[in-house]
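Thanks for asking me to look this over. Here are my notes, as numbered points to read alongside the model.

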Amino acid sequence: MAADGDVHYDRAKEVKQFDELKIGVKGLVDSGITTIPRFFLHPPEVISDLKKPTNPTGSHSIPVISLAGERSSVVDQIRRAAAEFGFFQIIDHGISTDVLDRVVAAIKTFNEQPIEVKARHYRRDNETGVAFSTNFDLYHSNAASWRDTLQVRLGPTPAEFDKIPEECRREVMEWDREMVKLGETLMGIMCEGLGLDAGRLKELTCLEGRVMASHYYPYCPQPELTMGLASHTDPGMLTVVLQNQVSGLQVKQDGAWLDLKPEPGALIINVGDLFQIMSNDEYKSVEHRVVGNPYREARVSIAIFFNPSKRDSLFGPLPELISEEKPAEYKTFTYGEFMTRFFNKELDGKSLINFYKRSHSH
């Protein structure tokens, strides 16, 4: 492999050639490659970080919370998990295992179709509300990550139904119906945890802007040299993730990475940057990543991102959560400006939230 300083290596050209093949990383794996293309190689500081032990001594595991408990207890457990970890898993959520299995299977089936079938859906623009590609930030990230993603807009204006791949069309719509109900339940609980009226975030359209990103992480021949998903925080309000039983997700806690072990029948919930801002730092949006997949079985995860639907509305810390003792930690901004800033940078740590942070020192 050529050295990093090789003047003959044209990264942009190699990325473009790969993208125009429309085969995704699954296509690379199917072609029988044993070394990954150079533009997937992550920098030494990321790679060396992968070699550090996960779940160091004294670390806590991500809480698993039953929604079947007494309401006040559930509110308290979720409040603490959102404040301390920014992540938690839920069980007894009322969605049958059959539905969970069917949605995962449908997404897997789509990704395992012949290349020519998937290529019809491969695009970077999201005009129809449906886009299939390798990495939304492929052209402006420092290193590509080993995954393919099908993204579908679910609300406020859903994608054109017949543009969703037929292998998973019905399951995607069924999952959205379940997510609307669950999203309202969770946001109500999390509002109560902040001392707010349960419907406060619903009033602000925070359940209406919904996007599904289903990620497919195939086997990687050199998982120690790349990532499945680079370290980042989610920009929106709340993310609900359904995954299969192949591990890979890691959450940052006190500077170390914790493995989030798949829990059968559980859904993963995490706080987004916008929710941290609106809660005035009561809830935490936490960095997470997915490591390259060393297993022959693909990892499948289906994330639903809840966001406000009003792009021109102003957002910032909720007035009820600001006081003399607890002044506003963030400036206000329009949601449209906030998301434009997210999509125009590569996925990385907490740079988005830090941009809106107020300085209290002067």
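Throughout, "buried" means under 20% relative accessible area, "exposed" over 50% and "partly exposed" in between, with a 1.4 Å probe and protein chains only. Helices (H or I, at least four residues) and strands (E, at least two) are DSSP runs, numbered from the N terminus. This is a predicted model, in which local features need pLDDT of at least 70 and side-chain atom pairs count only at pLDDT 80 or more, while totals for chains, interfaces and linings use all residues. Residues are numbered from 1 along each chain as its sequence is written, and side-chain values use heavy atoms, with hydrogens and water left out.

1. Let me start with helix 4 (residues 71-84), whose buried residues are Val 74, Val 75, Ile 78, Ala 81 and Ala 82. They cover an arc of only 140 degrees around the axis, which puts them on the same side of helix 4; the arc is that of the directions from the helix axis to the C-beta atoms. What do these buried residues pack against? Their partners are strand 1 (64-66), strand 2, helix 7 (169-193) and strand 10, where contact means heavy atoms within 4.5 Å.

2. The expected span is 1.5 Å times one less than the number of residues. After the helix comes Gly 86, with a positive phi near 75 degrees.

3. Helix 5 (residues 97-111) passes the check as well, because its 15 residues should span 21 Å at 1.5 Å a residue and its end C-alpha atoms are 21 Å apart. Its buried residues are Val 99, Leu 100, Val 103, Val 104, Ala 106, Ile 107, Phe 110 and Asn 111. Seen down the axis, they fall within an arc of 155 degrees, so they line one face of helix 5.

4. Is strand 10 (residues 267-271) enclosed or open? Five of its five residues are buried, so the strand is largely enclosed by the rest of the structure. Leu 267, Ile 269 and Val 271 point one way, whereas Ile 268 and Asn 270 point the other way.

5. Strand 10 also has pairing partners, where two strands pair if DSSP finds at least two bridges between them. Strand 2 (residues 87-91) runs antiparallel to strand 10 and is joined to it by four bridges. Strand 7 (residues 238-243) is likewise antiparallel to strand 10, again with four bridges.

6. Do have a look at the largest pocket, which holds about 1100 Å³ of space. Of the 46 residues that line it, the closest to its centre are Gln 151, Val 211, Phe 305, Met 339 and Phe 343. Strand 5 (209-217) gives the largest share of the lining, six residues. Among the other elements that each supply at least two lining residues are strand 4 (148-155), strand 12 (299-307) and helix 10 (335-343). For the terms, a 1 Å grid is laid over the protein atoms alone; a pocket is an open set of points where a 1.4 Å probe fits, with protein on both sides within 12 Å along at least five of seven lines, and lining residues have an atom within 4 Å of a point. Grid points are joined across faces, edges and corners, and a volume is the space filled by probe spheres set on the points.

7. Some backbone geometry deserves a second look. Most residues other than glycine have a negative phi, and most peptide bonds are trans. The bond from Gly 155 to Pro 156 is cis, with omega near 5 degrees, and Pro 156 sits in the loop between strand 4 and helix 7. Asn 135 has a positive phi near 65 degrees; it lies in the loop between strand 3 and strand 4 and counts as buried at 1% relative accessibility.

8. Asp 281 has a positive phi too, near 75 degrees, and is found in the loop between helix 9 (273-278) and strand 11. At 17% relative accessibility, Asp 281 counts as buried. Leaving out residues up to four places away in sequence, Asp 281 touches Gln 276, Lys 326, Glu 329, Tyr 330 and Lys 357.
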